[in-house]
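Subject: Structure handover and findings

Hello,

Here is the structure I promised you. Please open it and keep it beside this email while you read.

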Amino acid sequence: MKSILLIGLGSFGKEIAIKLNELGHETMAVDCDEERVNDVLPYVTNAQIGDSTDVEFLKSLGARNYDVCIVTIGSNFLNSLETTSLLHELGAPLVVSRATSAVQEKFLRRNGADDVIYPEREFAKWVAIRYTSNHILDYVEVDSDHAILEVSIPEKWLGKSIAELNIRRVHSINVVAYKQGGKLYATVSPDLVLRSDMTLVVFGELGTMKKCFHM
C-alpha cells in the first residue's frame, strides 16, 4: 500500500482515484472545485478543496510525506506547471504530471516532474490499433519498440499446438498467457491446442507483431 497525493479531479483524475481505491492505496484528493471533490469522496482516504498553486496550501498537505504525487490538471496547463514545480520544491519524492503535448512534457520535466503521462495520446494509439486490426483485442505499449497484445487466434493457427506452431522461434513472439471462457491462464503448455474460443496474450517487438497479426 502506498500513500498518494492526487491533484486534479476531472474525469481522468477521478478514474485514477477509483483505480487507486481498488488497489488498496491511501489517497488524498485535491481540487479547487467542491463538486469534483465530493464526487471522489467514496473512493479516497481524504479530500480537500484548495488551490494547488498556493505554496502554503501544499505545505499544509505535507507533500514530502507521500510516496507519489500525481498532477492530473487538464484544463489549465500553467496551474499544472506551477503545481508540479511547487511539489518538487517542497521535496515530494516522486512527481508524475499530465501532459497533452511534447512541448508540455518538456516544460513539466524542466520544472520538477519525474515522469509525464499522456492519457489522450495513449488512448488514441489504443483506439487506432484496436479498431483497424483484425486480430488485436487489447494493446499495451512497453516501450517504443515492444508491446503486449491480446490477439484472437489467426485462422491458420487453429487446431495446432503451441509446440507445433513454434511461435517463439518462427515469429520471435512470446506467448505469455491465454484467455478462454472469460478466464486468464498464465501457464501456457507447449501442448496447448489453439481454438477459436481462445485469445492469446503475446509479447514481442512491434515490427514483428505488426507483420504477424496484420496490424
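How accessible is Lys 59: buried, partly exposed or exposed? This is a predicted model, and in it Lys 59 counts as partly exposed, at 47% relative accessibility. The class follows because partly exposed covers the range between under 20% (buried) and over 50% (exposed).

**Salt bridges**

Lys 59 has a partner. It forms a salt bridge with Glu 56, and the closest N and O atoms are 3.7 Å apart. Both residues sit in helix α3 (residues 55-61). They are three residues apart, about one turn of the helix.

Side chains of opposite charge can pair when their charged atoms come close. The cut-off used here is 4 Å between a side-chain nitrogen of Lys or Arg and a carboxyl oxygen of Asp or Glu. By this rule the count comes to seven salt bridges.

Helix α1 (residues 11-22) holds another of them, between Glu 22 and Lys 19. Here the closest N and O atoms are 3.3 Å apart. Again the two residues are three apart, about one turn of the helix. Glu 22 is exposed, with a relative accessible area of 54%. Lys 19 is partly exposed, at 46%.

Now look further along the chain. Asp 115 forms a salt bridge with Arg 109, with 3.4 Å between the closest N and O atoms. Asp 115 is partly exposed at 37% relative accessibility. Arg 109 is partly exposed too, at 38%. This pair belongs to a network of salt bridges that links Glu 105, Arg 109 and Asp 115.

**Negative patch**

Which residues gather in a patch of negative charge on the surface? They are Asp 33, Glu 34, Glu 35 and Asp 39. Asp 33 lies in the loop between β2 (26-31) and α2 (34-40). Its relative accessible area is 30%, so Asp 33 is classed as partly exposed.

**Strands**

Start with β1 (residues 3-7). Five of its five residues are buried. Both faces of β1 are covered. Ser 3, Leu 5 and Ile 7 are buried on one side, and Ile 4 and Leu 6 are buried on the other.

How do β1 and β2 pair, and over how many bridges? They run in the parallel sense, with five bridges. Within this pairing, Ile 7 stands opposite Val 30 in β2.

Strand β5 (residues 95-98) is also covered on both faces. Val 95 and Ser 97 are buried on one side. Val 96 and Arg 98 are buried on the other. Note Arg 98 when you go through the charged residues: this one is buried.

The neighbour to check for β5 is β4 (residues 68-71), which pairs with β5 in the parallel sense over three bridges. Cys 69 stands opposite Val 95 in β5.

Last, Asn 46. This residue is in strand β3 (residues 46-49). Asn 46 is partly exposed, with a relative accessible area of 41%. Leu 5, by contrast, is buried in β1. Asn 46 and Leu 5 are 41 residues apart in sequence. In space they are 9.8 Å apart, C-alpha to C-alpha.

Best regards

Terms used
Residues numbered from 1 in each chain as written. Predicted model: local features only at pLDDT ≥ 70, side-chain atom pairs only at ≥ 80, totals over all residues. Heavy atoms only, no water. Patch = residues over 30% accessible without salt bridge, like charges linked within 9 Å, V, L, I, M, F, W, Y side chains within 5 Å. Areas by Shrake-Rupley, 256 points an atom, 1.4 Å probe, with all protein chains shown as cover. Lys, Arg positive; Asp, Glu negative; His and termini not counted. Charge placed at Lys NZ, Arg CZ, Asp CG, Glu CD. Helix = DSSP H or I, 4+ residues; strand = E, 2+ residues; numbered from the N terminus. Buried < 20%, exposed > 50% of the residue type's maximum accessible area, 1.4 Å probe, protein only. Pairing = 2+ DSSP bridges.
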